[in-house]
Structure formats: C-alpha cells, structure tokens
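Dear colleague,

I am passing a structure on to you, and below it you will find my notes on what turned up when I went through it. Please read them alongside the coordinates.

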Amino acid sequence: MTTSQHRLPHSSDLRIGLLGSYGGFNIGDEAILQCVLSCLRAHRPHGHLVVFSRDAEHTRVHQPMADEVVGWEGVPQKQVTDVLSSLDLLVLGGGGILYDGEARRYLKLVRAAQVRGVRTFAYAVGAGPLRETDDREALRTVLPAMDEVVVRDEESRLVLEEVGVERDLVVTADPALLLPPEPFTAEMMRQEGVPADARLVGMSVREAGRATEKLDEGDYHALLADVADFLVRRLDAHVVFMPMERHDVRHAHAVLSRMTAPDRGRILHSAYTPGQVLGLMSHLDLVVGMRLHFLMFAALSGLPVLPLPYAGKVFDFARRLGAPALVGVAREQVGLLLAEVDRLWDEFPQRRADLHARVQHLQELARETCARCGALLDDMDAGDVAADDAVVPAAPQTLHRLGSEPQGGALHDHGAGQEV
C-alpha cells in the first residue's frame, strides 16, 4: 500500500482529457476528435475519457465514445481547473490549434494541468501562423514541459522550430486519415437535389487565405466560379459544394451565383457526420477545394485531388500526396489553374497507384501517433506499479487517515487553488 495522498491510475480507471477545437464548428475537427477517441478507447477500453468542448451539448450528442464532456469557454475557471486536476493525462489536439490568438488559450489549460502534476501529450497538432509575442512565448514555455509533442506535418515542425521551441518534435500525419466511412445514401443525394446518374465534382470553398491575399472577395469568388464552370464544360459534370463549416455556405453561394451554369451546381445544406462526408466521396469523380479535410477524405477515397492554396497545411498535404501544389492564384492566372485541372484529370489513371501508396503511408504515420500515446499510457502504468512495489507500509495512524478518505478520489492535490 502507498502512503501517497494522490490516486494511483491504473489501466482500468485512467482519466484522460482531450482538448482541441471541438464542439461541431468544423467537420474536420470533429473527424479528428472521433479518431483520437477511438485510439484512446482501443488502448484503454475502461478508461474515463473527458472531452473539453467549445459546445458541450453538441459533443455529448455527436461523440458517444466520450464518457464526460466539459465546456471550457465562458465558464468559471475553477470548474475547468477542478476537472483538469482530476486527470491522469491531458491530450492536446489533434488538429491545427497552435496559431495566433488561439495557441495561448489552449496552452494556458495545458500549463494548468502540468502544474497540477498531470501528464501531457500533444497529439498530431498543427502550428502556424505564429507571429504574436504572447503565443510564441507560451509555446516556448509549455511545449518543452510536455511528455511528448507530435505534429501532423513538416510545416508545423518548421514553424515551432522558428518560434524557438527547444525539444524533440515528432512528425506524423493527421489523425482523421483513420476515419471510417459511413454511407451517404441515394436518398440523401436525392434530398440534396444531386443527380444520381451524372459525373460529379466535389468542391470545397472557404474565405480567401494568404495565397489569395491579392484578390478582393469578388474577384476571388469569380475565380472559383471560372474553375467550376470549366469543370462543368470539360467533364460534362455537376458541381457539388460541400461546406465543412457554417461560414463556407456564404462563399459557396457567392461562387454559385457567379457561375455561367449555376443549374449545374448544388450546395449541400443538411448537417452530416464526418463519416458521411467521407462516404459522399464514393459518389464523386474528382475533387477541387480548399478545406484540408475535404481534400483528405477525397484522397482516402482514391479520387483525383486538386488543392486550392490558402494555408501551409494544404501545401504540405499536397506535397505529401504528390498532388499539384499551387503557390498562389490571381485573377489573371486563371488559365494556369484550369490547365492544372485538365492535366490532373488526364493523368490520374497513371497516378492512381502512386496516390494509393502515399495515402497508405500517411495512414501508417497517423497510427504511429496513436501508438506513441499508448506507449505513454503504458509507461504511466509501469511507473505506478514500480511506485507501489517500492513503498514502505505506512504507520497505523497513516493507514487510518488514508482509509477515511473517499474511495476512488479523483483530485490530484497539485495546487488546485491556482487559476488557469
């Protein structure tokens, strides 16, 4: 028996927290959460999984693998720190959460967990852009104290090194590469007004990023409309716009309104799970888009993919796929963009096997993140067993004091009174 006043975690009762951009704001982030929960559940079937969510009710409804959901925005800090104090491990990520204005918010909670003695693990996170002093300082302070930091792409590693993070950084791949598909049925297609017997091109648009910063919004939408019209003419196709988060709907409507063949476009309006969006890919013939996870789902489904640039994570993913990696787009360069679409379609039959091999490699890297997190959990268990074996039996009065405490108490007394 141990004389420690802290609960000793074992594989059957580990409390593991997950912190990321969760709560239904983005289909890609929800796909990541589902995959990270699946990983943790596989390693610790009886563990207690706690998700810190930006919309707790959404997560409770849509993520059944979570045992507990805690809202962490707009709530008293003590409520959050009490839950942090009860954890054995806090998993940060995955996904692109370490960027200006947001990195410091997430790392504030990670630091609060660290000072309470909670182990911390960064699960295939994305980083950048990072120009703000407070965010950069938080990264230099908190990341070196984590048990392990795994990033999802080379771009993120380079960003963190430039910030001055001094520690080993492991590069793997996005957790959502392991998402299982769900059916996107013929009835769903009918309800959305998408023809069942036509060639279909998927398109994902969002607000313009840094790669299109020289375009005003009207020119940007007109450029994408030119691409959509070209796809209609070149492939005799219908274009299916898939919003990956709520703000995408406005941009999809703006592009559709500028098409010369708007009757050949459809915007999906119903809410779908990440697995259903992945299932939608089985109906498509080609994908052009900006959202990382829409492109990722297409690659998983073996489709030709043309990424439209807006952020480093898309450049990096295009490079790893061997897909065209456009540096930027301008209104006068629309011809070059259309030529890339044309070449992609013509050359894809010869590239299909290469794409399949590249996706399989990325999936193996995504599994590596899960294995590394599992190894940390095993190490935690092994350390507790060693601690149990090394403890000298307590004096009778100490045993009596411990026996008077509630069984299975969950709080680590590591400065629980401190604020996040």
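Cysteines and helix α4

Both Cys 39 and Cys 370 are buried, and in this model, which is predicted, the two form a disulfide with their sulfur atoms 2.1 Å apart. The link is right-handed, with 105° about the S-S bond. Because Cys 39 lies in helix α1 (residues 27–43) and Cys 370 in helix α13 (residues 334–390), the pair ties together parts that are 331 residues apart in sequence.

The structure holds one disulfide, and Cys 35 is in none, the nearest cysteine sulfur being that of Cys 39, 9.6 Å away. Cys 373 has its closest cysteine sulfur in Cys 39 as well, at 5.5 Å, which is too far for a bond. Cys 35 counts as buried at 9% relative accessibility, and Cys 373 counts as buried at 0%.

Just after α4, Gly 117 takes a positive phi of about 80°.

As for confidence, the chain averages a pLDDT of 87, and 85% of the residues score at least 70. Over residues 391–420, however, the pLDDT is below 50, and it stays under 50 over residues 1–9 as well. Where pLDDT is low, the predicted coordinates should not be read in detail.

How values were computed
Residues are numbered from 1 along each chain as its sequence is written. This is a predicted model: local features need pLDDT of at least 70, side-chain atom pairs count only at pLDDT 80 or more; totals for chains, interfaces and linings use all residues. Side-chain values use heavy atoms; hydrogens and water are left out. Helices (H or I, at least four residues) and strands (E, at least two) are DSSP runs, numbered from the N terminus. pLDDT is the predictor's confidence in each residue, from 0 to 100. Contact means heavy atoms within 4.5 Å. A disulfide is a pair of cysteine sulfur atoms within 2.5 Å. Buried means under 20% relative accessible area, exposed over 50%, partly exposed in between (1.4 Å probe, protein chains only).
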